[in-house]
Amino acid sequence: MTRYALRVASVAAALGLWQLLTSLNIDLWLRFSQFPTVADVARAFADRLAGDDYWTDLTDSLTRIVTGFLLAAVLGVATGVLVARSRLAEDLLGPILEVVRPIPAIALVPVAILLFPSNEQGIVFITFTAAFFPVLVSTRHAVRALTPGWEEAVRTMGGGRWRILGSVVLPGALPGIFGGLSVGIGVSWICVISAEMISGQYGVGYRTWQDYTVVDYPGVFVGMVTIGVLGWATSTAVELLGRRLTRWLPRTSYVPTGRPRPKSPRSAAPAPAASPAVPTGPEPEEARDEHLV
């Protein structure tokens, strides 16, 4: 509760400082007199929530993000595993991917306009491109960092390629994959908002740009707050999903909720005394690998 109280207090302090600087028209080096106050933004937010356009924009932006991000997640993981596991795929796809990867996704807006018949498909393409490369790179590095002994143990027990992929490669690379997904969802929001500002008809980015063109600064801040909340919510959802799918990973003693980690019944029971003739020590590597498989 103390940590949650500190978080709420930090947000309240930031809002209070914003209200103070803007209401007093403070102009030192930064021109806070040009900013709307927190009260102005809150009133504009309440007006937007009462209308239908806000929810239409919200639905359109979320649909574009979810569509592009899911495509990037599936194709990014598949391509990353393929490039990491196949020399032929790395030789054929690696040069092309490395040349395209440094190009900012927002710079592909003219390409999307020329390539796709509708602006909606072009915005989804921009969102997909923004998330694809973080997922691809994280997956490729995670697969290459796997311990070779795990794969050798599966081969020893008669497992084939698909068995290795399902029981070693994908589970072992999950932490790295979700690291790329967490980065990709944030980059996707940046690029989809920019794409909506340039070529969109509806969406949070489009509405924010329209408010700027008509000098509705409280409306601009409503769009910024909406983007921030949506980005935080989607990133948190990806991280929670990653924690659930990687529950088998060893965790540190630090617990984000601040509560002490409950002890399991096995750890609570007293350990039997070890015989002097049988030395105790770390489990052999072969036994650990067999247990993991």
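Modeller: The model is predicted. Its largest nonpolar core has 49 residues, and those with the most contacts inside it are I126, F132, L181 and W189. Six helices each supply at least two residues of this core: α2 (38–49), α3 (52–85), α5 (109–115), α6 (119–144), α8 (161–199) and α10 (217–245). The largest share, 14 residues, comes from α8.

Leaving aside residues up to four places away in sequence, I126 touches A105, L108, V109, A112, C191 and A195.

The arginine is R140, which is found in helix α6. R140 has a relative accessible area of 13%; the cut-off for buried is under 20%, so R140 counts as buried. The side chain of R140 is joined to that of E98 by a polar contact of 3.1 Å. With residues up to four places away in sequence again not counted, R140 touches G80, V83, A84 and E98.

The helix pair is α1, residues 2–23, and α2, whose axes lie 8 Å apart at an angle of about 110 degrees. An angle of 65 to 115 degrees counts as roughly perpendicular, and α1 and α2 are therefore roughly perpendicular to each other. On the α1 side the contact is made by L15, W18 and Q19, and on the α2 side by V38, A39 and V41. Of the residues in this contact, 5 are nonpolar, 1 is polar and none is charged.

Notes
Residues numbered from 1 in each chain as written. Predicted model: local features only at pLDDT ≥ 70, side-chain atom pairs only at ≥ 80, totals over all residues. Heavy atoms only, no water. Core = buried A, V, L, I, M, F, W, Y, C linked by side-chain atoms within 4.5 Å. Buried < 20%, exposed > 50% of the residue type's maximum accessible area, 1.4 Å probe, protein only. Helix = DSSP H or I, 4+ residues; strand = E, 2+ residues; numbered from the N terminus. Contact = heavy atoms within 4.5 Å. Axes fitted to C-alpha atoms, helices over the stretch in contact; angles between N-to-C directions. Parallel < 35°, antiparallel > 145°, perpendicular 65-115°, else oblique. Nonpolar A, V, L, I, M, F, W, Y, C, P; charged D, E, K, R; others polar. Polar contact = N/O pair within 3.5 Å; in protein donor to acceptor, adjacent residues only side chain to side chain.
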